[in-house]
Amino acid sequence: MSEPDPETLRDEVELLRRELAAARADQETWGEREARLRKSRDRAAKAADVLSELLAERLRGETAVAGAGERSWWRRGSTSVTAEEAGQLELIRQSPLFDAAFYLRTHLDVARRGEDPGVHFLRHWDHPFRKPSESFDIAQYVLDHPEVIVERVNPLVHFLASDEAEGADSYPPASR
């Protein structure tokens, strides 16, 4: 085997340097794009949080006046409730463990139909299990309290009516 020509070696090294420089430039470009995408994602997440809070405030306000006969954004016809449901609905709506904005964001079918999130959760929590907020794990509650299935009781109502709810800000409790 003969020794490679020094001129050929220099040409190959120069070609490799150019390829490496191009690869580094591409890497920087992709890094810049990734940084822009992360920044956009973070802005979108922040905007979603703000909108969610505004929606939650609006829902709390409309829920408070809905009982006084004023129209809410959801269809009134689909929200007629029995006296028993009215008491349970009041319990749910006053609890920090029910977040109407979270419920609508998580269950888009309810939002699309314009249903009252509190009434929908009260009546349709079980098919499939629908979390009322990030703080209440309905599946875990049903595992811990199977009687809610047998008695057909809304798990959040069951929890809020129990001694276990005293001072609780989540279920299961953080210390679990």
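Tutor: What covers the buried residues of helix 5 includes helix 2 (83-94), helix 3 (100-106), helix 4 (108-113), helix 6 (138-144) and helix 8 (155-160). Helices are DSSP runs of H or I, at least four residues, strands are runs of E, at least two, and both are numbered from the N terminus. The model is predicted: local features need pLDDT of at least 70, side-chain atom pairs count only at pLDDT 80 or more, and totals for chains, interfaces and linings use all residues. Residues are numbered from 1 along each chain as its sequence is written, and side-chain values use heavy atoms, with hydrogens and water left out.

Student: Which residues of helix 5 are buried?

Tutor: Helix 5 spans residues 117-124. Buried means under 20% relative accessible area, exposed over 50%, and partly exposed in between (1.4 Å probe, protein chains only). Six of the eight residues are buried. They are P117, G118, V119, H120, F121 and L122.

Student: Which side chain does H120 join in a polar contact of 2.8 Å?

Tutor: H120 sits in helix 5. H120 counts as buried because its relative accessibility is 4%. A polar contact is a pair of N or O atoms within 3.5 Å; within protein, one must be able to donate a hydrogen and the other to accept it, and residues adjacent in sequence count only if both atoms are side-chain atoms. The partner is Y103.

Student: Which residues join R130 in one salt-bridge network?

Tutor: A salt bridge puts a side-chain nitrogen of Lys or Arg within 4 Å of a carboxyl oxygen of Asp or Glu. R130 makes one with D109, the closest N and O atoms being 3.0 Å apart. R130 lies in the loop between helix 5 and helix 6 and D109 in helix 4, so the pair ties together parts that are 21 residues apart in sequence. Through shared partners, the network joins R130 to D109, R113 and E115.

Student: Where do R38 and E34 both lie?

Tutor: These two form a salt bridge, with the closest N and O atoms 2.8 Å apart. R38 is partly exposed, at a relative accessible area of 44%. E34 counts as partly exposed too, at 39%. They are four residues apart, about one turn, and both lie in helix 1.

Student: How many salt bridges does the structure hold?

Tutor: R18 with E14 is another pair, the closest N and O atoms being 3.9 Å apart. The structure's count is 10.

How values were computed: Contact = heavy atoms within 4.5 Å.
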